[in-house]
Amino acid sequence: MSEQLRFDGKVVIITGAGNGLGRQHALMFAARGARVVVNDLGGGAHGGGKSSASADAVVEEIRRSGGEAVANHDSVEDGPSIVQTAIDAFGTVDIVVNNAGILRDVSFQKMSRDDWDLIMKVHVNGAFSVTHAAWPYLRDKGYGRIIFTTSGAGIYGNFGQANYSAAKLALLGLANTLTLEGRNRNILVNTIAPIAASRLTETVMPAELLAVLKPDYISPLVGWLCHEQCTETGGLFEVGAGYMAKLRWERTRGHTFGQGLKWDVEQVAAKWPKVIDFDDAEHPQSVNDTVSAIMTALNARSYGG
Ligand code: NAD
């Protein structure tokens, strides 16, 4: 049996930790010695209402098991006050798990401005606000682990979730840049796309599937990505039901029209099979890989094959 990977001395903020995945993350971190800020607004799955009960219950559960935790009942839109709770209770912050979320599912045709704005506020502004408030502490101490929670709906799209899809993929964009800005300060940033039974999925998945998609199957990946021994950063992971895998971009070799030569819509149509041919594909990892492809195009002098 390998040695337990522990979080003694580490302070973890988990947003939306009163239910579902966040609750499991909180229990996992606390059982491994972390001091945990259990944030949860305690509202409904669609963003209405407010209650301290769910965050308090998780804190109570952690304390009964001998762990250390405090509750915070603010919305993630008020990141500074959530981080202040960590500072007041534990003096610092080491790990931020951006997990809080709601749904406002409706077809794009019927989506109201409120449906759009609320989802952006909670997922995008909320993750920004908490992470931005924690960032100076992580930078100053030269240590940090940050998790963003995206969704397959963001990566691939999902009917009735235009607002949620846009918000969830915005988090990946944020994570990609924080990966670069955090790297030389030992702030490592990763994104998970989970699938698990929770009140967000209970209305859209059959009961027999929900029974095996346990939310506690997600937390071990979060624990590893947040551990000091893990050097992974900038990763995107699909996780659920005991499965976990990393995703990356894939780009065709494409076609380059030579500089100085005239080409038009017809030539694009003619070369289309090559533009979309993933045989011998590349896996660009940074904006430099885009720039280098463009530079190659600038240097190309002929139409080529
Ligand atoms: P959940 O509803 O069980 O938990 C979400 C928690 O976030 C709730 O306790 C809720 O009160 C809290 N919350 C909502 N708005 C908040 C706010 N403004 N401030 C603070 N807390 C707030 O749902 P879950 O399935 O555990 O979802 C956790 C995260 O995982 C979400 O970001 C969700 O989008 C994402 N996700 C879940 C699944 C899945 O299959 N369950 C799939 C993809 C992504």
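Ile192 has Phe237 in E7 as its bridge partner. This is a predicted model.

**Strands E6 and E7**
- Strand E6 covers residues 187-194, and strand E7 covers residues 235-240.
- The two strands, E6 and E7, run parallel and are joined by five bridges.

**The sheet**
- Eight strands make up an open sheet.
- Their order is E3-E2-E1-E4-E5-E6-E7-E8, with mixed pairing.
- Strand E3 (68-72) and strand E8 (243-247) are the edge strands, so named because each pairs on one side only.
- On average, neighbouring strands of this sheet are turned by 20° against each other, direction ignored.

**Helix H6 on the sheet**
- H6 packs on the sheet and touches strand E5 (144-149), E6 and E7.
- The direction of H6 makes about 160° with that of E6.

**Helices H4 and H6**
- Two packed helices are described by the angle between their axes and the distance between the axes.
- Helix H4 spans residues 113-141, and helix H6 spans residues 162-182.
- H4 and H6 pack at an angle of about 20°, and their axes are 9 Å apart.
- Angles under 35 degrees count as roughly parallel, so H4 and H6 are roughly parallel to each other.
- The crossing of H4 past H6 is right-handed.

**Where H4 meets H6**
- The H4 side of the contact includes Trp116, Ile119, Met120 and Phe128.
- The H6 side includes Tyr164, Ala167, Leu171 and Leu174.
- Asp115 in H4 and Lys168 in H6 are also among the contact residues.
- By class, the contact of H4 with H6 has 11 nonpolar, two polar and two charged residues.

Definitions and conventions
Residues numbered from 1 in each chain as written. Predicted model: local features only at pLDDT ≥ 70, side-chain atom pairs only at ≥ 80, totals over all residues. Axes fitted to C-alpha atoms, helices over the stretch in contact; angles between N-to-C directions. Helix = DSSP H or I, 4+ residues; strand = E, 2+ residues; numbered from the N terminus. Parallel < 35°, antiparallel > 145°, perpendicular 65-115°, else oblique. Left-handed = near helix turned anticlockwise from the far one by under 90°. Contact = placed C-beta atoms within 7 Å. Nonpolar A, V, L, I, M, F, W, Y, C, P; charged D, E, K, R; others polar.
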